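Biologist: I'm new to this one. Can you walk me through it?

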Amino acid sequence: MATFLYQLGQRAFRRRRLVALLWVAVLAVVGMGALSAAEAPDDSSSMPGIESQKAFDLINERFPGSEANGASARIVFVAPDGQKITAMGHRSAVDRFLTEAADGPQVADVSSPFDGPGLSKDKSTAYATVTYETKDDELTDASKKELEGAIEEVRDTGLTVEVGGSALATEAPAGMGEIVGVLVAAVVLLITFGSLAAAGLTLTTAVIGVSISLAGITALANAFGLSSTSGELAMMLGLAVGIDYSLFVVSRYREERAKGSGPEEAVGLAVGTAGSAVVFAGLTVVIALAGLSVVGVPMLTKMGLSAAGTVVVGVLIALTLVPALLGFCPNAVLARQTRRGRARTSERGTRIPRIRIRRRGRYLSRSQEHGESQAPGTNREPRKREATGSWSVRWASFVLRRPAAVLLVTVVGLGALAVPALDLRLGMPGDEAKPTSTTERRAYDALAEGFGPGFNGPLTIVVDARDADDPKAAVETVAERIGATKGVVSVSPAQFNEAKDTAVLSATPSTAPTSEQTKNLVHTIRDERSATETETGATFEVTGTTALNIDIAKKMQDALIPYLVVVVGLAFLLLLVVFRSLLVPLKAALGFLLSVLASFGAVVTVFQHGHGASLLGVDQTGPIMSLMPIFLVGIVFGLAMDYQVFLVSRMREAYVHGEGAGQAVVAGFRHSGRIVVAAALIMMAVFSGFMTAGDSMVKMVGFGLATAVLFDAIVVRMVLVPAVLALLGKRAWWLPGRLDRLLPRVDIEGEALNRRAAGLPAPTGESHQDMVRV
């Protein structure tokens with residue numbers, strides 16, 4: 001692979017104008033497709049295989065023309081302190097509202113609080129429900145303005161009016177996520193490279209890749225049912241990995257130029273070595289994202305595949321467009337000192353003389369400064385001069401001197417952070433998680449105060465009495481049994497369909513929608529229904545938003561272990577091929593589990609327990625979003641393997657080229673430590689930017705991803721990895737001979753390029769141990 005990518009990089013460098021024009025053409029084509037594409041569908045909440053979804057489907061089948069998830073608005077009226085809604089002036093204001101709302105466009109029905117259970121016991125609070133004929137995304141602006149106008153008229157009479165439901169749901173402010181991430185990334189790149197051109201090239205290629213991906217998703221959104229959420233995830237990941245992949249290629253190019261290679265040769269070497277790491281790092285991310293399809297949730301599958309496609313585009317950009325753009329500015333991306341040195345290097349890459357560089361009172365040859373390998377087969381530990389180099393070399397040397405202590409502190413620290421994850425509760429936060437500045441949150445609080453905490457999460461019972469001898473009597477029996485269940489406050493009258501063989505009724509719990517007691521109530525009703533169904537001949541299912549969220553959480557929990565097995569298993573095999581070691585991939589997987597558990601603990605601490613929540617602008621804590629564990633595991637696993645490949649591949653490269661086990665660790669940090677930290681900071685900046693959004697769930701995702709990258713890249717990869725490798729020594733790179741011969745050789749360390757430069761024949765399948773002895 002290294003040879004193929006070496007040639008690909010050089011071709012892109014030589015034909016840079018053609019390559020650049022091809023990418024511009026791709027951007028133009030997908031851009032035009034996006035502009036002419038139909039509007040993307042709304043975010044689908046379909047969850048096949050769960051009872052709540054089956055019940056929703058049954059409602060839509062037996063009650064045609066009335067979608068179970070159609071748009072609705074719940075209007076809450078609260079009288080001033082000490083007054084009642086039933087007072088003459090207040091009641092007439094509500095009656096006028098009901099009349100005006102019923103005459104609005106697209107309105108199917110308006111329920112009066114005075115004709116049903118819409119009035120609280122103390123008569124200080126009432127609510128009316130406006131139901132529309134269409135779904136949320138099909139509701140016109142005229143319908144919304146008509147309802148808003150009627151609401152304002154009631155407010156003018158002195159009543160407090162708040163609105164819940166989906167019809168007039170307010171959009172949370174988007175925040176400055178993308179802008180913040182790009183700005184911080186620019187600063188980090190500028191500090192890392194010390195070159196405005198290098199930083200600009202890296203950012204430009206990442207933005208081009210994200211633009212192509214987003215335009216492609218938009219163009220295909222209607223045909224494949226890709227929602228806006230798919231685009232948001234693709235943008236978040238595409239920006240992060242796009243910057244990182246370009247960063248590694250440009251950094252390796254600068255390193256090769258500093259060693260004396262000419263521009264074209266340096267590009268080939270950069271793409272052949274760092275490009276190989278980019279390919280396999282990208283593959284691990286793609287595996288993790290595409291693996292979301294095993295969960296069985298269509299929305300997650302589409303999100304994962306869309307983001308995986310974005311990662312593929314980022315890899316292709318790094319392998320072709322980056323070397324092409326380097327061809328336009330071969331010297332501008334270099335550091336100032338290196339650019340001065342290039343004056344003594346011909347355009348064809350004639351090697352400059354080995355000069356001596358003064359550093360901290362000592363003189364090092366250029367080969368020492370850049371850590372050129374010693375004679376193959378030697379096994380000496382890092383010399384003192386390496387410890388006097390960059391901070392990354394000093395850190396690696398420190399870990400090598402105290403590996404057991406460092407490993408113990410790291411594992412204990414991450415384990416302590418992971419402890420709160422034992423209390424993880426999954427759910428789907430609703431209006432109660434929104435800021436108190438929103439009318440939905442105020443409506444939620446008013447209803448909970450006036451009608452009880454369970455009023456905001458009623459359970460919908462769908463009774464299929466088609467096979468019952470007396471459908472009406474069967475439905476009445478079902479209602480009585482559910483009403484007698486402990487934890488149920490009331491059951492509404494049944495509503496039959498036209499055929500009178502299916503009924504829908506509502507059961508109000510005594511506890512809040514996200515409480516553990518409500519979850520137990522749903523399970524109790526389902527567990528006790530077999531006797532009722534036997535007696536009546538009718539079947540029933542429990543659904544509604546509350547039951548749906550409970551079912552989704554259970555589905556996500558059940559899918560987590562199979563998902564981990566599939567993704568970690570495939571990635572283990574991939575890393576086995578890349579590193580030709582049994583222990584290195586195993587260590588990578590265990591380190592990932594430590595970091596992701598620690599991030600779970602941090603998310604629970606902030607968003608469930610509330611410690612530090614106010615610092616992030618989170619007004620209300622509660623259960624963790626049901627999709628969060630799978631979502632976090634999938635994305636973070638791919639990114640964790642990114643850092644694993646980038647850092648450890650340089651260690652393996654040094655080891656294969658003759659460095660000792662300890663020296664190889666130091667060499668990996670000398671070449672990649674600073675770059676991995678810069679890449680992690682960029683990732684954290686991109687993800688942290690989403691914490692500026694107004695939606696608490698978006699904050700949760702941004703916080704979870706940022707902390708996971710912090711724990712994995714900074715703690716696990718930069719601390720735990722060198723400690724484990726130091727303790728293992730040569731054993732870290734052990735692979736059984738038979739397995740070594742069976743595995744395909746991908747040459748991520750660029751051994752074929754070294755042999756080519758030395759005039760040696762290419763390897764023909766000899767074992768890793770034989771390669772080291774050559």
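**A first look**

Modeller: Start at the surface, where V294, V566, L570 and L573 make up a nonpolar patch with about 320 Å² of accessible area together. Patch members have over 30% relative accessible area and no salt bridge; like charges are joined within 9 Å, nonpolar side chains (Val, Leu, Ile, Met, Phe, Trp, Tyr) within 5 Å. Areas come from the Shrake-Rupley method with a 1.4 Å probe, and for residues only the protein chains shown count as cover. A salt bridge is a side-chain nitrogen of Lys or Arg within 4 Å of a carboxyl oxygen of Asp or Glu.

Biologist: Which helix is L573 in?

Modeller: L573 sits in helix α20, residues 545-579. Helices (H or I, at least four residues) and strands (E, at least two) are DSSP runs, numbered from the N terminus.

Biologist: Where does the model come from?

Modeller: This is a predicted model, in which local features need pLDDT of at least 70, side-chain atom pairs count only at pLDDT 80 or more, and totals for chains, interfaces and linings use all residues. Residues are numbered from 1 along each chain as its sequence is written, and side-chain values use heavy atoms, leaving out hydrogens and water.

Biologist: What is the mean pLDDT of the chain?

Modeller: The mean is 82, and 86% of the residues reach 70 or more. pLDDT is the predictor's confidence in each residue, from 0 to 100. Over residues 342-389 it is below 50; that stretch has 95 contacts in the model beyond near neighbours in sequence. Contact means heavy atoms within 4.5 Å. Residues 764-774 are also below 50 in pLDDT, with 24 such contacts.

Biologist: How many helices and strands are there?

Modeller: The chain has 27 helices and 13 strands. Of its 774 residues, 54% count as buried. Buried means under 20% relative accessible area, exposed over 50%, partly exposed in between (1.4 Å probe, protein chains only).

Biologist: What about the inside?

Modeller: The largest nonpolar core has 154 residues. A core is a set of buried Ala, Val, Leu, Ile, Met, Phe, Trp, Tyr and Cys residues joined through side-chain atoms within 4.5 Å. Y245, F592, F607, I630, F687, L705 and V709 touch the most other members. Helix α22 (residues 628-656) gives the largest share of this core, 19 residues. Apart from it lies another core of 27 residues, among them F114, L139, A150 and I151.

Biologist: What does Y245 touch?

Modeller: Leaving aside neighbours within four places in sequence, its contacts include V278, A281, D642 and F646.

Biologist: Now charges. How many salt bridges are there in the whole structure?

Modeller: A search finds 19. One pairs E256 with R252, the closest N and O atoms being 3.0 Å apart. They are four residues apart in helix α8 (residues 228-258), so about one helical turn separates them.

Biologist: Which residue does R466 pair with?

Modeller: R466 bridges to D501, with the closest N and O atoms 3.2 Å apart. R466 is in the loop between β8 (459-464) and α17 (471-483), and D501 in the loop between β10 (495-496) and β11 (502-509), so the pair ties together parts 35 residues apart in sequence. Elsewhere, salt bridges with shared partners join E51, R526, R529 and D551 into one network.
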